[in-house]
Amino acid sequence: KVKEYTKKFANIYGVDYCLGTSSGSGAIHTALGALGITVGDEVITSPITDMGTIIGILLQNAIPIFADLNPHTYNLDPKSIEEKISDKTKAIWVVHLAGNPADMDPIMELAKKYNLNIIEDCAQSYLSYYKGKLAGTFGDIGCFSTNDTKQISTGDGGILIINQKELFERASKFLDKNYN
């Protein structure tokens with residue numbers, strides 16, 4: 001059933017790959033591991049998020065760096081993100097809060113400019129669109145929670161969506177004790 005579910009989810013989002021996890025926090029941790037985020041790496045994220053975002057970063061012995069938010073959308077302010085980038089920054093963790101996608105164009109420009117990975121937390125933004133494109137499909141990995149309080153509930157669970165085969169393979173291995 002999980003394979004059937006993830007295949008349907010990938011089709012809805014128009015992505016090549018989708019993985020099911022034990023929780024949204026598990027999806028977050030898997031995304032960070034698949035991207036090679038490790039000891040001392042910095043991940044810029046939102047100060048308004050579920051604790052699972054922060055725990056995933058800490059489990060990788062990385063450092064969460066909090067950027068300011070736009071006071072009208074409560075999403076990351078791209079100007080503040082750029083001010084927080086250092087030589088230790090490896091990723092930007094975008095939280096699409098309350099069904100309201102972040103301003104992805106300038107965030108993606110920053111990722112390209114500084115060669116950073118983008119992880120999107122869509123736990124509260126299923127089927128939310130930014131300029132005609134689904135939140136979760138802009139960055140390297142989109143993460144979702146399917147716990148009992150989310151729009152789509154499996155009791156507890158999580159999902160990752162990915163378009164890059166190599167990244168999907170690393171995520172699959174990280175998810176399950178490095179089995180091939």
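**Salt bridges, buried polar residues and a helix crossing**

With a relative accessibility of 31%, Asp105 counts as partly exposed; on the scale used here, buried means under 20% relative accessible area, exposed means over 50%, and partly exposed covers the values in between (1.4 Å probe, protein chains only). The model is a predicted one, in which local features need pLDDT of at least 70 and side-chain atom pairs count only at pLDDT 80 or more, while totals for chains, interfaces and linings use all residues. Residues are numbered from 1 along each chain as its sequence is written, and side-chain values use heavy atoms, with hydrogens and water left out.

Asp105 is paired with Lys131 in a salt bridge whose closest N and O atoms are 2.7 Å apart. This pair links distant parts of the chain, since Asp105 belongs to helix 5 and Lys131 to the loop between strand 6 (129-130) and strand 7 (133-134), 26 residues apart. Helices (H or I, at least four residues) and strands (E, at least two) are DSSP runs numbered from the N terminus. Lys131 itself is exposed, at 65% relative accessibility.

In total, the structure holds five salt bridges, each defined by a side-chain nitrogen of Lys or Arg within 4 Å of a carboxyl oxygen of Asp or Glu. One of them joins the side chains of Glu82 and Lys113, with an N to O distance of 3.0 Å. Glu82 lies in helix 4 (residues 78-84) and Lys113 in helix 5 (residues 104-114), so this bridge ties together parts that are 31 residues apart in sequence. Glu82 is partly exposed at 29%, whereas Lys113 is exposed at 57%.

A further bridge connects Arg170 and Glu166, the closest N and O atoms being 2.8 Å apart. Both residues sit in helix 6 (residues 165-175), and because they are four residues apart, about one helical turn separates them. Arg170 is partly exposed, at 36% relative accessibility, and Glu166 is exposed, at 55%.

Asp41 is placed in the loop between helix 2 (24-34) and strand 2 (42-45). Its side chain does reach the backbone nitrogen of Thr38, at 2.8 Å, a polar contact (a pair of N or O atoms within 3.5 Å; within protein, one must be able to donate a hydrogen and the other to accept it, and residues adjacent in sequence count only if both atoms are side-chain atoms). Leaving aside residues up to four places away in sequence, Asp41 touches Gly36, Ala62, Ile63, Lys88 and Lys90, where contact means heavy atoms within 4.5 Å.

Thr21, found in strand 1 (residues 17-21), is buried at 11% relative accessibility. The Thr21 side chain reaches the backbone oxygen of Ser23 at 2.7 Å, and a polar atom of this side chain lies 3.4 Å from the backbone nitrogen of Ala27.

Finally, the axes of helix 2 and helix 3 (residues 51-59) come within 8 Å and cross at roughly 35°; axes are lines fitted to C-alpha atoms, for helices over the stretch in contact, and angles run from 0 to 180 degrees between N-to-C directions. Helix 2 contributes Ser25, Ile28, His29 and Leu32 to the contact, and helix 3 contributes Gly52, Thr53, Gly56, Ile57 and Leu59.
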